[in-house]
Every structure is written in C-alpha cells, then in structure tokens.
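I opened my notebook to look up a few things in this model and jot them down as I went. Come and read along!

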Amino acid sequence: MTKDALKSVAASIRSLSIDAVETANSGHPGLPMGLAELGALIYGDMLKHNPKAPDWVDRDRFILSAGHGSMLLYSLLYLCGYGLSLEDIKSFRQVGSPAAGHPEHGFAAGIETTTGPLGQGLTNAVGFAIAETMLAARFNTDQHRVIDHYTYVIASDGDLMEGITAEASSLAGHLGLGKLIVFYDSNDISLDGSTSMSFTEDVLMRYRAYEWQTLETSAYDADTILDCVKQAQAETGKPTIIKVRSIIGKGAPTKAGSAKSHGSALGGEEAAGAKKALGIPTDQPFWVDPAAEAYFKEKQKEWSGAYEKWQKTFDEWSAKNPELKKEWDLFFADKPVNLEAAALPSYHKGDKVATRKASGAALQAIAKVVPNLVGGAADLATSNNTAMPDYPDFSRTERRGRTLHFGVREHAMGGILSGMSLHGGLRPFGATFLVFSDYLRPAIRLASIMKLPNIYIMTHDSIYLGEDGTTHQPVEQINSLRLIPGFELLRPGDAEETTSAWLMAMRRTDGPTMLVLTRQGLPVYEKDDSDWQNTITKGAYIVRDCSGTPDVVVVAAGSEVSLALAALDTARDKKIRVVSMISRNRFVAQDQGFRDRILPRGVRTVVVEAGVTSGWEGIASTPDDIMGINRFGESGKAAEVAESFGFTAANLAKLINR
Ligand SMILES: Cc1ncc(C[n+]2csc(CCOP(=O)(O)OP(=O)(O)O)c2C)c(N)n1
C-alpha cells in the first residue's frame with residue numbers, strides 16, 4: 001500500500017468513525033482513530049480475503065477483540081465492499097442496523113465473531129487457529145495446500161487484563177499456534193483513565209513466558225508494522241504478539257491520548273477540530289476520500305485473483321484426492337451426515353449406569369461416524385468420560401489429533417469452542433464439572449447469541465456427587481443455565497436417554513447444547529411410550545403411565561426420574577404418571593396439543609429435581625408442588641446427603657399423596 005493510499009484510507013476510517021459516533025451520540029471513537037492506519041494495513045496489505053466471497057474457507061480471519069472499537073471494523077467492511085452500506089453506518093447503533101454497538105456475527109458479512117465482552121475475541125481467535133491447524137493437517141497434501149491461512153487479532157489493554165486471555169494465550173503458546181498474530185493496541189488508556197491505575201505489568205514479558213514471539217512497534221510506522229508481520233509469519237512454531245504503541249483518539253485536539261476519547265462522542269467542536277487536523281472536510285459528514293475508494297476498487301481484482309487461484313488449487317486437489325474430497329464434504333456439511341450409521345450402545349433394563357459413562361459410550365460411537373467431532377475437557381477427561389482413545393490427542397506435534405487437552409482453563413475452553421465452530425469444518429465439544437459451568441458462562445452466552453452448535457458435556461450434576469461437598473455440588477446451575485435464550489440444556493434420566501441426548505445435540509445446528517450428566521449410577525428403566533425415542537426430542541415423554549386420567553403427574557429430570565419411579569412404589573393409592581423432562585425449554589416450545597397430552601389440563605403436576613426450584617413454577621401446579629433443593633449442598637456420602645436433606649423417594653411419595 002502506498003503512503004498516499006494509506007493516508008486516504010486512514011482518513012476515511014477516522015471520518016466515518018467520528019461521524020457515526022457523533023450521529024448516534026454514543027460509541028467509541030478512540031480506538032478507530034488510534035488504529036486507523038493499522039486497520040488500513042490489515043485490510044489493504046495483510047489479509048488474504050475476498051469481500052465478494054466472505055465465506056471463503058481459506059480466507060485469513062480478522063478478529064476485533066476490542067469490540068467497542070466496532071467503527072474501525074465497520075469502516076473497513078464498507079470500504080472493502082463487504083456489503084455493509086454507508087446507510088448502515090449512518091444508522092450505527094440504531095435498532096435494526098447491522099452496524100450494532102459491538103460487532104455481531106451474522107448481521108453483516110465479514111464479522112467473524114461477536115465481540116464486546118473483552119477477552120472473548122482473542123480467545124475465539126485461538127479456536128480459529130486451532131481449527132486451521134487441524135484442518136490443514138487433515139486435508140493438505142504435498143502438492144496442494146487447501147487450508148493455509150492466518151488469524152489476525154486486534155486486542156486492547158482491556159482484552160489483555162481479562163483472565164480469559166491469559167488462559168487462552170497460555171494454551172496457544174503451549175500448542176505452538178504459529179499462524180496466530182495478535183496486535184496489542186497499547187495506548188495506556190482504558191475506560192476510567194490511565195492504565196497506570198491498574199495495569200503496569202510487562203505484557204510482552206508475560207507473553208514470552210507463554211512461549212510467544214513478541215515484537216514491538218509504533219502504530220504509525222507502516223514499514224515496521226509490515227516487517228513485524230513478516231517476522232510473525234516466518235515464526236511457524238509460536239504465536240506472535242506485536243505490541244503497537246498508539247494514541248487513543250489520534251487527531252482530536254484536546255481529547256487525544258485521554259480516556260475522554262475512549263467511549264463517547266467527541267462533541268461538535270472537538271470533532272470539527274479533529275477533522276481539521278486530519279485533513280477531513282468539516283462540511284461533509286461521513287466523508288470518504290475518493291482516493292481510498294479508488295484504492296479498494298483496484299484491490300478487488302487482486303482479491304478475486306487470489307480467490308480464483310485457491311479455487312483452482314481446490315479443484316485440482318479434489319480431482320486428485322477423491323477420498324479426501326469426500327471427507328471434506330463430511331466435514332463441511334451443514335448437518336452430521338452419517339449419524340444414523342453410528343453403532344450406538346445398548347443397555348438392559350435394570351442395568352445401573354452413570355449417565356456420564358453412557359455419554360462416553362455414545363461419544364465413542366458417534367466419533368467413529370462423524371469424523372469432524374473434536375473436543376476435550378478442562379483437565380477432567382477421566383471424570384467426564386470424554387477421552388477418545390481411538391484417536392490421537394491434538395498437540396503441537398500431532399495436528400491430526402481429535403482430543404483436546406484444554407488444561408484447567410474452563411473459560412478459555414468456552415471461547416475456543418466458539419472460535420472452532422465459527423471457523424467452520426469442525427464440530428467441537430468441551431467438558432468439565434457442571435458446577436464449573438459458571439467459569440465458562442460468558443462464553444456460553446456468546447455462543448447462544450451467535451447460535452453456534454457447540455456441545456458442552458457437564459458431569460457431576462447435583463448433590464448426588466457426594467463427598468466433594470458443597471463447593472462441587474451444583475444446585476442453582478441447572479435452572480440458571482435454562483434461562484439463557486436459545487441455549488439447550490438436556491438432562492437425561494438414564495443411559496438410554498443419554499444416547500438420545502447425544503443425538504439431539506448432534507442434530508441441533510442452530511445453537512449450543514449442554515448435556516448434564518450424573519456421576520452416580522442410575523437404573524435403566526422401562527419406558528411405557530413405545531415411541532419414546534421420537535417423543536423425547538420434543539423435550540419430554542411419558543416413562544410410566546397409569547390407566548385413565550392420572551390423579552397426579554410427576555415431572556422429573558435427570559437422576560430424579562428414577563427417584564420418581566421409586567416413589568411410585570410407596571404411593572400406590574393414586575393413579576400416577578411419571579414424565580421425564582429432558583429439556584424444559586424444548587417442551588415449553590411445543591404446541592399446546594402436545595403439552596396437554598403429556599401434562600393433561602386440570603391434573604395436578606408435581607416436579608422433582610435435585611436443584612433450586614426456581615424456574616419450575618410454570619410446570620408445577622403450585623409452588624408447593626416442587627421438590628427441590630434451595631440451599632447449598634453438603635459433603636458426605638451421596639445417599640446420606642440426600643437423606644439429610646429429606647430428598648428421598650418416601651418424601652416424594654408424601655408430596656404426591658398430599
Ligand atoms: C468483560 C468486559 N468488561 C467491561 C467492559 C466495558 N468496557 C468496554 S471498553 C473497556 C476498557 C477499555 O480499555 P481498552 O481495552 O484499553 O480500550 P481503549 O480504551 O484503548 O479503547 C471497558 C472496561 C467490556 N466491554 N467487557
């Protein structure tokens with residue numbers, strides 16, 4: 001990029017960013033003004049991309065981890081011709097605009113991930129980079145490289161203060177992700193003022209300890225920035241972080257270099273002063289330098305040329321490697337293609353199997369027929385039953401591995417799974433104890449916003465885990481996770497339902513799913529609904545029915561289905577139906593006819609679940625018809641803890657008979 005082109009693009013970014021934030025009277029001008037040149041260089045000189053084919057599998061990815069600087073991204077997407085219009089930018093931050101306050105994946109082409117919650121973007125990027133290495137190892141041949149791209153990130157001070165990026169960066173260094181290149185926007189300013197108030201560590205020294213290559217330059221020295229990128233690309237065994245010293249709000253006469261330009265409109269006078277200083281006409285709102293437009297117009301040829309070249313390589317590769325191409329199609333299919341062929345485990349009634357164990361068995365069977373199912377645990381694979389011993393582990397030397405070792409890094413695991421899903425080509429899962437789902441909840445929330453088909457395997461789901469005690473016994477997690485819009489929580493009641501839960505999770509492609517599983521063994525029960533495997537996909541089915549209209553319906557989830565069945569023995573004088581509700585949200589979303597068939601109107605409904613009662617009010621007839629645990633657990637043998645809480649079949653029978 002010539003100096004003149006760089007100048008014109010940077011001026012255009014600053015112009016659009018100043019005016020979008022002024023017009024909305026809301027937003028963050030500081031970052032785009034500080035990094036306008038870097039943004040221009042990334043989209044102009046660095047990225048292998050084609051705005052006319054934004055889904056190109058082998059494009060370089062760019063992730064603005066500091067999502068508050070969204071106008072930097074929107075300006076560049078507009079200038080490059082990704083489809084975001086000037087009108088969209090004029091309605092920045094307004095209802096219905098794809099130029100939302102923070103970048104939202106799916107609302108405009110070119111937004112690789114949803115960012116805003118600091119730290120998540122850089123963590124997603126580690127997932128993108130892992131996905132690239134996995135797919136490259138799987139599909140590239142000596143003659144053809146069909147997967148070969150970089151993941152670039154802009155991360156801010158705030159991103160690097162967040163714990164999640166420490167976890168993710170530590171893992172990225174350990175895994176030697178050489179194609180991950182992070183620009184660290186070091187402007188010494190965060191929201192409240194100078195970073196000297198709270199952030200004085202030597203960031204690069206920390207990253208060297210993580211086994212990253214570390215480089216440093218000024219945000220306004222284009223040649224050195226490009227040199228640094230060359231060095232980053234040359235270092236294939238380590239990720240690279242390039243500290244870029246910048247001035248927040250560069251160009252604003254009194255607010256540059258201060259938190260005053262971080263997160264609010266500059267104001268009329270300051271904006272005019274900035275424009276004057278930057279050579280932007282003050283009488284043309286949303287001005288774009290014609291030279292910048294001309295530059296990107298010219299670029300289109302080069303971009304489509306690169307894309308066509310790749311397409312040609314891909315076609316040659318496809319012709320030469322028909323078996324690999326078949327596999328590629330499996331990897332990149334919208335839905336798991338071969339699921340029906342899985343040799344799923346079978347069980348005998350009365351077998352006692354922990355659902356975590358049944359999950360492990362289902363996973364092995366599904367992994368055999370779904371070759372892009374990859375994942376792992378946060379150092380709990382043995383407890384979560386998530387290891388895949390038939391395949392190698394993924395590591396710095398074994399890129400074809402399928403089992404990931406996230407280490408004790410739950411939050412990063414959450415963000416990395418999302419990055420892997422977003423990259424495309426892989427179906428990722430992650431695992432830990434349910435109680436630690438709190439540690440990855442912010443990533444789960446974002447996965448739900450983005451409708452990513454991540455799978456989370458959460459075991460040790462209640463007080464019934466026993467001796468590990470209060471700290472490890474989830475009570476509020478299950479109902480709390482059910483609150484997340486678009487999130488699917490499945491709590492199967494026995495080993496057979498666990499297999500169904502896996503199939504439901506695999507078939508769900510428009511949002512994340514969590515399997516909530518037991519540590520303790522549970523009996524495999526008879527199911528009165530002969531079509532239960534279909535019915536369960538609607539969220540609930542009748543496990544045990546009575547003749548005629550029931551007096552009471554007992555709705556149970558997970559391990560409490562067998563508790564409810566046990567309670568039947570002591571509640572003989574009533575006509576009782578037992579329902580297993582594997583997914584409350586799915587059940588509630590069914591039509592009235594189905595819901596009435598499971599829970600007939602006017603019939604008393606009792607709910608039992610080993611967790612807080614809040615959330616079940618809409619199912620139970622009255623708040624008094626819910627048996628749950630509204631206090632923290634206790635260390636002790638599972639049966640004794642349950643007994644001491646009165647969480648027994650006898651007490652459930654009493655409630656039913658009331
Ligand atoms: C997890 C999270 N916490 C808090 C915020 C609110 N917030 C937005 S930007 C910011 C800090 C800004 O500092 P920095 O990251 O250095 O960005 P810069 O000021 O350089 O634009 C904060 C606290 C957030 N977006 N995400």
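This is a predicted model: local features need pLDDT of at least 70, side-chain atom pairs count only at pLDDT 80 or more; totals for chains, interfaces and linings use all residues.

**Entry 1: a pair of charges.** I started with Glu87 and found that Glu87 forms a salt bridge with Lys90. The closest N and O atoms of this pair are 3.8 Å apart, and I noted that the cut-off for a salt bridge is within 4 Å. Where do Glu87 and Lys90 lie? Both are in helix 5 (residues 86-90), three residues apart, which is about one turn of the helix. I then searched the whole structure and got 34 salt bridges.

**Entry 2: the domains.** Next I looked up the domain assignment of the protein chain. It gives domain 1 (3-303), domain 2 (339-523) and domain 3 (537-657). I picked domain 2 and domain 3, whose C-alpha centres lie 25 Å apart. Their contact takes 29 residues from domain 2 and 38 residues from domain 3. Between them, domain 2 and domain 3 bury about 2600 Å², and 52% of that is on carbon and sulfur atoms.

Which residues of domain 2 lose the most area to domain 3? I wrote down Tyr464, Arg482 and Arg491, together 26% of what that side buries. I also counted salt bridges across this interface, and the rule finds four. On Arg491 I made one more note: its side chain meets that of Glu560 in a salt bridge, at 2.9 Å from N to O.

**Entry 3: two crossing helices.** Last, I turned to helix 8 (residues 163-175) and helix 16 (residues 410-423). Their axes come within 8 Å and cross at roughly 75 degrees. Angles of 65 to 115 degrees count as roughly perpendicular, so helix 8 is roughly perpendicular to helix 16. Helix 8 brings Ile164, Glu167, Ala168 and Leu171 to the contact, while helix 16 brings Glu410, His411, Ala412 and Ile416. I sorted the residues of this contact into five nonpolar, one polar and two charged.

Technical notes
Residues are numbered from 1 along each chain as its sequence is written. Side-chain values use heavy atoms; hydrogens and water are left out. Axes are lines fitted to C-alpha atoms, for helices over the stretch in contact, and angles run from 0 to 180 degrees between N-to-C directions. Helices (H or I, at least four residues) and strands (E, at least two) are DSSP runs, numbered from the N terminus. Angles under 35 degrees count as roughly parallel, over 145 as roughly antiparallel, 65 to 115 as roughly perpendicular and the rest as oblique. Contact means heavy atoms within 4.5 Å. Ala, Val, Leu, Ile, Met, Phe, Trp, Tyr, Cys and Pro count as nonpolar, Asp, Glu, Lys and Arg as charged, and the others, Gly among them, as polar. Domain bounds come from an automatic or database domain assignment. Buried area is the accessible area (1.4 Å probe) that two parts lose on being put together, summed over both.
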